[in-house]
Amino acid sequence: MTGSRRIVVASNFWLGSAADGIAKGLRQLGWDICYVEMAHHFLHSRLLSLRLLSRGLRRWSIASYNQAVLEAVENLRPRAFLTVKGSYLTTRTLAEIRRRGITTLLYYTDFHFDHVDVSRDTFAHYDHVFTNNSLVIPSLEEQLGASRVSLLYFGYSAHVHYPRLARVAETDYLADCGYVGNCTPYKARWLEAIARKLPEVRLTIIGNGWSQAAKGTALQPSVAGFQLVGDCYSRFLQQARINLAFHMGPAGKHGWEDRISMRTFEIPACKGFMLHIDNDEIRRLFEPGKEVDVFTTADELCDKIRHYLPRPAERGEMIERAYRRCVPAYSYDVRAQAIARAIECGSPPAPGQADPLAAGV
């Protein structure tokens with residue numbers, strides 16, 4: 001069984017994930033997708049007993065996952081193999097795929113390399129590496145050579161991230177300010193500033209880790225205590241008056257951090273109003289003060305919340321402009337075109353540069 005339009009994609013494919021969106025985009029371009037779902041080979045649970053069991057089984061889980069990848073490649077003989085982040089893939093597996101003449105691609109969706117599930121040694125076995133973070137490009141180019149590295153921003157998944165309401169009435173709003181994302185101390189500092197300086201603002205925080213971290217702090221009343229993904233996440237983005245967009249904060253030995261993240265594109269795609277931490281990359285993607293707005297300090301953030309909350313008409317106009325900028329140009333359907341070009345033509349974007357179409361610049 002052979003074919004020039006088949007691709008094996010290995011990753012976690014939860015609804016709205018980068019892997020889910022990229023695979024859908026490739027399918028729309030005429031590619032047949034063979035999924036290798038990483039989650040099928042690893043035990044995940046919040047129960048301590050099952051987490052301990054998962055650790056004990058990890059060696060066999062990794063072996064099972066890599067075997068499933070090799071079996072998919074053997075059975076389908078695809079033109080290309082793609083993984084998002086590359087978790088738990090071994091150099092032996094990747095070398096075997098390349099030995100068969102199959103193009104190997106990595107979409108690395110993190111801003112540092114200090115992860116137990118990813119080995120930098122495996123990167124040499126990819127024909128091309130895409131990264132969403134411009135800060136890591138020099139390091140990747142030093143390891144792989146400039147011709148094998150490209151910038152490919154995150155995006156939004158059109159089948160998940162879209163407006164749920166044609167019009168949002170005042171009674172439809174679930175929060176004045178909303179933040180959806182996992183807890184980190186860096187994020188907590190921004191949110192604590194809002195809770196202290198603007199106690200009258202209805203702040204809602206959703207994501208993993210907040211319930212424990214917020215105990216006894218000014219944030220505790222604002223924590224929803226659960227996580228949102230998929231459809232309910234998209235609805236919340238539209239039904240928060242202001243969506244806050246900041247990321248993990250600096251990490252790793254280099255102190256790199258995300259300048260943009262998936263929420264940078266998901267919020268406007270869902271017709272949510274976005275206040276984003278300021279940097280040169282968000283300014284390349286959206287026009288501050290016209291489509292979104294930005295902040296650099298806690299005082300500036302709070303001042304802009306005070307400004308925009310009582311001005312629904314101004315927010316509405318900016319939401320529409322941001323939506324037109326984002327949709328469809330910043331979708332994973334468009335991002336997938338850069339990956340398809342790298343496979344079909346062997347000509348991804350200029351070394352270390354963003355694809356003008358897929359990166360939205």
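Helix 8, which spans residues 262-269, is largely enclosed by the rest of the structure, because 8 of its 8 residues are buried in this predicted model. The buried residues of helix 8 are Met262, Arg263, Thr264, Phe265, Glu266, Ile267, Pro268 and Ala269, each of them therefore falling under the cut-off of 20% relative accessible area. After helix 8 comes Lys271, a residue with a positive phi near 60°.

A pair of helices was examined next. Two packed helices are described by the angle between their axes together with the distance between those axes. For helix 5 (residues 185-197) and helix 10 (residues 298-308), the axes come within 10 Å and cross at roughly 55°, which means that helix 5 lies oblique to helix 10. The crossing in which helix 5 passes helix 10 is right-handed.

On the surface, a nonpolar patch is formed by Leu43, Leu53, Leu57 and Trp60, which together present about 370 Å² of accessible area. Among these residues, Leu57 is placed in helix 2 (residues 48-76), and its relative accessible area of 36% makes Leu57 partly exposed, since that class covers values between the 20% limit for buried residues and the 50% limit for exposed ones.

Arg283, located in helix 9 (residues 280-285), is likewise described by its accessibility: the relative value is 46%, so Arg283 counts as partly exposed. Between the C-alpha atoms of Arg283 and Asp293 the separation is 9.5 Å, the two residues being 10 residues apart along the chain.

Notes:
Residues are numbered from 1 along each chain as its sequence is written. This is a predicted model: local features need pLDDT of at least 70, side-chain atom pairs count only at pLDDT 80 or more; totals for chains, interfaces and linings use all residues. Side-chain values use heavy atoms; hydrogens and water are left out. Patches are made of residues with over 30% relative accessible area and no salt bridge: like charges are joined within 9 Å, nonpolar side chains (Val, Leu, Ile, Met, Phe, Trp, Tyr) within 5 Å. Accessible areas come from the Shrake-Rupley method with a 1.4 Å probe; for residues, only the protein chains shown count as cover. A salt bridge is a side-chain nitrogen of Lys or Arg within 4 Å of a carboxyl oxygen of Asp or Glu. Helices (H or I, at least four residues) and strands (E, at least two) are DSSP runs, numbered from the N terminus. Buried means under 20% relative accessible area, exposed over 50%, partly exposed in between (1.4 Å probe, protein chains only). Axes are lines fitted to C-alpha atoms, for helices over the stretch in contact, and angles run from 0 to 180 degrees between N-to-C directions. Angles under 35 degrees count as roughly parallel, over 145 as roughly antiparallel, 65 to 115 as roughly perpendicular and the rest as oblique. A crossing is left-handed if the near helix is turned anticlockwise from the far one by less than a right angle, and right-handed if clockwise.
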